[in-house]
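Subject: Structure for your review

Dear colleague,

Please find the structure below for your records. My notes on what was found in it follow directly after.

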Amino acid sequence: MSQNVKESPKTKSGTTAGSPKNWKINHKGMAKEDIYRSFLHNLEYNISKDNLSKTPYDQFLSLSYAVRERIIERWISTTQKYRTDNVKRVYYLSMEFLMGRLLGDNMMNLKMTEAAVDAMRDLGLETEDIIDAEYDAGLGNGGLGRLAACYLDSMATMKLPSMGYGIRYDFGIFNQKIVNGFQHESPEQWLQHTNPWEIERSEYKVPIKFYGRTERYKDKDGKEQVNWVDTENLIAMPYDIPIPGFGVNNVNTLRLWSARSADEFNLQYFNSGDYIGACHDKFTSENISKILYPNDNNVSGRELRLKQQFFFSSASLQDIIRRYLRNNSDFKAFADKVTIQLNDTHPAIAIAELMRLFIDVHGMSWDESWEIAQKTFAYTNHTLMPEALEKWSVGLMQHLLPRHMEIIYDINAGFLRQVSYKFPGDMDRLARMSLIEEGDDKQVRMAYLAIVASHSINGVSALHSGLLSSGLVRDFYEMWPEKFNNKTNGITQRRWLYKANPGLRDLITSKIGGGWATDLYELKKLEKFVDDKEFRKDWMKAKAAAKKAFVDKIYKWEGIKIDPNTMFDVQIKRMHEYKRQLMNALHCIALYNKIKRGETKGFVPRTVMFAGKAAPGYYIAKLIIKFINNIAGIINEDPSTKGLLQVQFLPNYRVSMAEYIIPASDLSEQISTAGTEASGTGNMKFALNGALTIGTMDGANVEMHEEIGDENIFIFGLRTNEVDELRAKGYNPWDYYNNSETLRQVMDLIASGYFSPEEPGMFMPLYDLVLNHGDRFMVMADFDAFVKAQEAVAKCYSNQEEWTKKSILNVARMGKFSSDRSIKDYADGIWRVKPIDVKLDI
């Protein structure tokens, strides 16, 4: 590819267009010539580079600015329309937004990709290379943040007046390197270069308070008031990122807050020669938005985490109130104009902060404030793990947010009165439901606060919502059954099929038209082509093209060679014990043992791929990564496995990698212990791209099974009730070891030190975890069923015609799992917001 930008484009008449300084630039134009001219204009006048000094990142910036110019008019028109019509808006508060790269998405949503590709080609550039220069915006560590990003896309595409609020982390999810099989973390610096998508909005900066104390006084009417005084203050600076909808004029906003010191520089310290002291406040304040997920294994880390949650919650609420008061003189209509969706418990402190703002700042009564708050907040729960329900020490809360601790105590007192009225004399219930967990170190139960203050509480899959109501927060369901509902997660088909898999996209569109991009149920029309032999052949070609694209890309990025003629068996997700990457690794050993025994007749060649990051302090997850890499080293170097089995751990998993590996995958591993995964969305992305699923009846797998059909998915393992029953009667993993020769051979090989010859006992903690320490996630109990299901997978894959039929049916029956459907459910059932059509001035 030429890296030299041609200087003079040809016009339609064939003449040269001259130099950028002589051009008339149409910043709204969507034609190839307009994009061409904008690109060169930006390179010279916005970036101040020429053909000799430009870098690949400069080319990315030039094209991004050209795209952004075409977003701006829509963005301003959208904001004006929402304000003029005084519409009800959705505010989506999330600690994570895993946006990935935005250039390709924005071009797609503006429907300018083809023109941009042609314009860049005329310049001697490849758009794919330009897109590759963009850094992933990794402001999340997994499904929670990626779901939030999909929801933003759907809200804009569906023309819903909405806004996302989060934190502009200087360092997002860490970069992962694999060194001698071990995970090594290095800082992710998505902001080390200019970010073309964000615009600083310093006119909307707001003050944030911490620490201090409260003092009470009587106002002129004799009413008691509270002041929060002697606080440490900082500034929340907003940065806006436009979120254009697909094929519509609506452009919504993601507002991310960055921490700034209220006092940039202490001149007194500086004059005394203490430069570090002079800058201390600035450094300390700006730490708050420095890093995603600080280590909270110590007191200072926990305090920083709570600071982050309050920082963005307070800033967002102040911003919401400011915007509301532009069109309204009092707060009577607040809940009619504002709905706030809490994405998990992280923003739950917003409840106490809204009460403080209403009462202490705006002079409202407690009763009026509480009534409005309950009508405004809605809460999405994302976990079934009791230990993942966030709690904060009362001592820490009193120290950091003294006024908010008082408000939480007052909320709790009123709530417990309600409980006692409904369940008189039930003291155990009062203790279970209290917002304060008693003990030596009292804790504030943030999930309970969110439930009490919200008018809607939803889970994210039918199974998850049911288990919430019957188990994790059963007491609250019995108190307010009408509050609880389900909103099954979804994914945006535009990023995950339309953009990520162009071969399959074009094939589908050639048969049923392009309506599926905004109505995924349209894919149902593919079912009539299942028995069309030519269509199946074209389907297989599309999969082969996706495999080649992935193989080429992973070799370019990581130097890893993968055989595209094997079955791609893929498990890519955050590393955690409940997701059971360990069980998948044990199956790799079982396959290896099979090959070593000479049982290779009919063996389906397979490449097993893992990818995912382990939290830096999560010892077992990091050891599993090392285990997988050691297994891969042994298997891949053994001559007997050549052409039969390959194992790869792909480093630094991120959204941009997922966009290549998911379309290429044949088999999707969704094998968490039943009753542990709230929903999952990776399962949906794989199935939407024609991969078949091997999975347990967990999370959204249950609903996928219902939609896709039992014959088109490989379900195995214990069901949720069976897991509970087995635990209740006494689970002994050794029973499964003793009764399974395959499992016994695998575990014995690990115990022998075969996969760590230089340190034979290295993986004994994993051995002990599943055999001697209770096997919490029942790897041993489900292993044989997993192996049997994998045998069924191999048998099916060996018949490519049948496999392809199942692949087509998987895609055809994924309509329910669009984030558009999810957002419609939220909009109709919780938010009560309507689409707003934005017109552009011609």
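Asparagine 652 touches Phe174, Asn175, Gln176, Lys613 and Met657, leaving out residues up to four places away in sequence; contact here means heavy atoms within 4.5 Å. This asparagine 652 sits in the loop between β22 (645-649) and α24. Helices (H or I, at least four residues) and strands (E, at least two) are DSSP runs, numbered from the N terminus. With a relative accessible area of 12%, asparagine 652 is buried. Buried means under 20% relative accessible area, exposed over 50%, and partly exposed in between (1.4 Å probe, protein chains only).

Please note that this is a predicted model, in which local features need pLDDT of at least 70 and side-chain atom pairs count only at pLDDT 80 or more, while totals for chains, interfaces and linings use all residues. Residues are numbered from 1 along each chain as its sequence is written, and side-chain values use heavy atoms, with hydrogens and water left out.

Glutamate 527 is found in the loop between α20 (502-512) and α21 (533-558). Because its relative accessibility is 25%, glutamate 527 counts as partly exposed. Apart from neighbours within four places in sequence, glutamate 527 is in contact with Leu809, Ala812 and Arg813. The side chains of glutamate 527 and arginine 813 are joined by a polar contact of 3.0 Å. A polar contact is a pair of N or O atoms within 3.5 Å; within protein, one must be able to donate a hydrogen and the other to accept it, and residues adjacent in sequence count only if both atoms are side-chain atoms. The C-alpha atoms of glutamate 527 and isoleucine 808 are 7.3 Å apart, although 281 residues separate the two along the chain.

The structure holds 63 salt bridges, each defined as a side-chain nitrogen of Lys or Arg within 4 Å of a carboxyl oxygen of Asp or Glu. One of them links aspartate 666 and lysine 547, with the closest N and O atoms 2.7 Å apart. Aspartate 666 lies in the loop between α24 and β23 (667-670) and lysine 547 in helix α21, so the pair ties together parts 119 residues apart in sequence. Aspartate 666 is buried at 4% relative accessibility, and lysine 547 is buried at 6%. Salt bridges that share partners also join Arg101, Glu128, Asp129, Asp132, Asp136, Lys553 and Lys556 into one network.

Within helix α9 (residues 299-327), aspartate 319 and arginine 323 lie 4 residues apart, about one turn of the helix. Their side chains meet in a salt bridge (2.8 Å, N to O), and both residues are buried. A further salt bridge (2.9 Å, N to O) is formed by the side chains of aspartate 506 and arginine 505. Here aspartate 506 is partly exposed, at 44% relative accessibility, whereas arginine 505 is buried, at 19%.

The largest share of the lining, 8 residues, comes from α21.

Yours sincerely
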